[in-house]
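Subject: Structure handover

Hi,

Here is the structure I promised to pass on. Have a look at it first, then read my notes below.

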Amino acid sequence: MYETLEIELKNGVATVWMNRPDVHNAFNAQLIADLTAACRQLDADDAVRVVVLAGRGKSFSAGADLNWMKAAGAASEAENFADAMKLAGMLRALAEMDKPTIARVHGAALGGGMGLASACDICVAGEKAVFATSEVKFGIIPSAISPYVIRAIGERQAYRYFQTAERISAARAAELGLAHEAVATEELDAKVAEIVDALLQGGPKSQAAAKDLIRAVGNRPVSDAVVEDTARRISQLRATPEAREGLTAFLDKRPAEWVPKG
């Protein structure tokens, strides 16, 4: 269905494989369009509970395709703005999915690839994974990815890495908060599966509400408005069918109806 992606759906888990291994899954206009469409399609599919983003070949994603970058260098400012908006829209579509998202990172996650890893809710990195905001080496800035990378590593670390373009190891990524886990390469899939299993225990609507809660509360002072908003959110959810099922299942000592069987 998608020129640059392969999507596997099994037991409620959609694995989206970026499939340009010959160029280390670098971005071009087609990959950006495909990822945008896939995020929207999967988010609207009730059969999908969790989305895992991964890359075929040796890398997760090496950032922008060089031919695409050369074309951008010869394009007008208006044309560049239109392309940048498409990239920003793709990252936002991924970051604002209702479904839980996991980045399965191996090899290079550079530039836009680091942006993808940051835009996902959870990032699991193999021990040989390498991250970088390498844009300044090309005379540009990590602009479209910045909201998600800064959210992941914080402003203080961004001042360093946005300017130095240093390579960041998987272990350092975990220290920075960019990766939630850094594991041996052979343990990467098992760790992703472990987190997927944990996610499948939660109620789908409550997980979507939890993501919206974080966006609403993060980096805001505890004001009267925030307190009232958080009280309103929980009071609205407590009366929903999902909440009633969750409590009943707990009291009955059985899995909730949304937990996969077997």
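Let's start with the salt bridges: there are 13 of them, counting a side-chain nitrogen of Lys or Arg within 4 Å of a carboxyl oxygen of Asp or Glu. Bear in mind that this is a predicted model, where local features need pLDDT of at least 70, side-chain atom pairs count only at pLDDT 80 or more, and totals for chains, interfaces and linings use all residues. Residues are numbered from 1 along each chain as its sequence is written, and side-chain values use heavy atoms, with hydrogens and water left out.

One of the bridges joins Asp65 to Arg20, with 3.3 Å between the closest N and O atoms. It ties together distant parts of the chain, 45 residues apart: Asp65 is in the loop between strand 3 and helix 2, and Arg20 in the loop between strand 2 and helix 1. (Helices, H or I with at least four residues, and strands, E with at least two, are DSSP runs numbered from the N terminus.) Asp65 is buried at 8% relative accessible area, and Arg20 is buried at 16%. Here buried means under 20%, exposed over 50% and partly exposed in between, using a 1.4 Å probe and protein chains only.

Now for a bridge inside a helix. Glu175 pairs with Arg172, the closest N and O atoms being 3.1 Å apart. Both lie in helix 6, 3 residues apart, which is about one turn of the helix. Glu175 is exposed at 59%, while Arg172 is partly exposed at 25%.

Finally, which residues lie nearest the centre of the largest pocket? They are Ala64, Trp68, Met69, Glu135 and Ile140, out of 31 lining residues. A pocket is an open set of points on a 1 Å grid over the protein atoms alone, where a 1.4 Å probe fits, with protein on both sides within 12 Å along at least five of seven lines; lining residues have an atom within 4 Å of a point. Helix 3 gives the largest share of that lining, 5 residues.

Cheers
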